[in-house]
Amino acid sequence: MQNRVLSDLLESEDKLTLRARQVLMVAAGILLLAIAAKIKVPMWPVPITMGTFAVLAIGAAYGARLGLVTILSYMIVGALGLDVFAGSSAQTFGLTYMLGGTGGYLVGYVLATVVLGVLAQRGWDRSVGWMALAMLIGNAVIYLPGLAWLGQLYGWDKPILQWGLTPFLIGDAIKLALAAVLLPGIWKLIDRARG
């Protein structure tokens, strides 16, 4: 069974209007991802960036198909050299940055966007508990290729978990809680406005 996701609320009878809205949503998603990647909230042991929050929220709000188009478009923009990733800079950008230590996590972003989209289409974005579980699954989907890539790149004899997992768990738990409340809250507001 497929439920509507938030982006479906912008549907139109006119195909041209629908496509124009989808193009605008993809552009807005790319902008949101780029801005979120650059937001750094001071935190211990590492600052929290909002990139993973944006990736997972876009997957849930856009659904699997539009979410995938958005995240792939974001990756293309980054590959072309625009400074849209959390750690990219004037010195390291584009494919050079994407093939560095962050490469596996970027693959995870794509996979997690689709996973969150599928789960949202099954209604998981409607309740706090299900949304929290969806976010937990999405985070795991990001970490698995990320850690695998770090291990391949730097060697499995290195402290891969200390580099690529444990410093981020506290921040990810905070983002998970935020999304678990935010998306179902938006649906409740929409339901109230309709009813």
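## Helix H2 and its packing partners

H2 and H4 pack with their axes 7 Å apart, at an angle of about 100°. The two helices are therefore roughly perpendicular, since angles of 65 to 115 degrees fall in that class. By class, this contact has 16 nonpolar residues, eight polar residues and no charged ones. The model is a predicted one.

**Shape of H2**

- H2 covers residues 51-79 and has 29 residues.
- Its end C-alpha atoms are only 17 Å apart. A straight helix would reach 42 Å, at 1.5 Å a residue.
- H2 bends by about 130° at Gly-63.
- Gly-81 follows H2 and has a positive phi, near 105°.

**Burial of H2**

- Of the 29 residues of H2, 22 are buried, so the helix is largely enclosed by the rest of the structure.
- Buried here means under 20% relative accessible area.

**H1 against H2**

- H1 spans residues 15-38. The axes of H1 and H2 come within 8 Å.
- The two axes cross at roughly 95°, which means that H1 is roughly perpendicular to H2.
- On the H1 side, the contact is made by Gln-22, Met-25, Val-26, Ala-28, Gly-29, Ile-30, Leu-32, Leu-33, Ala-34, Ala-36 and Ala-37.
- On the H2 side, the contributors include Gly-51, Ala-54, Val-55, Ile-58, Tyr-62 and Leu-66. Val-69, Thr-70, Ile-71, Ser-73, Tyr-74 and Val-77 of H2 also take part.
- By class, the contact of H1 with H2 has 18 nonpolar, five polar and no charged residues.

**Thr-70, a residue of the H1 contact**

- Thr-70 lies in H2 and is among the residues of H2 that make the contact with H1.
- Its relative accessible area is 0%, so Thr-70 is buried.

**Val-107 in H4**

- H4 runs over residues 103-121, and Val-107 lies in this helix.
- Val-107 has a relative accessible area of 45%, so this residue is partly exposed.
- Val-107 and Leu-82 are 25 residues apart along the chain. Their C-alpha atoms are separated by 18 Å.

Definitions and conventions
Residues are numbered from 1 along each chain as its sequence is written. This is a predicted model: local features need pLDDT of at least 70, side-chain atom pairs count only at pLDDT 80 or more; totals for chains, interfaces and linings use all residues. Side-chain values use heavy atoms; hydrogens and water are left out. Axes are lines fitted to C-alpha atoms, for helices over the stretch in contact, and angles run from 0 to 180 degrees between N-to-C directions. Helices (H or I, at least four residues) and strands (E, at least two) are DSSP runs, numbered from the N terminus. Angles under 35 degrees count as roughly parallel, over 145 as roughly antiparallel, 65 to 115 as roughly perpendicular and the rest as oblique. Contact means heavy atoms within 4.5 Å. Ala, Val, Leu, Ile, Met, Phe, Trp, Tyr, Cys and Pro count as nonpolar, Asp, Glu, Lys and Arg as charged, and the others, Gly among them, as polar. Buried means under 20% relative accessible area, exposed over 50%, partly exposed in between (1.4 Å probe, protein chains only). The expected span of a helix is 1.5 Å times one less than its number of residues. The bend at a residue is the angle between axes fitted to the seven residues ending there and the seven starting there.
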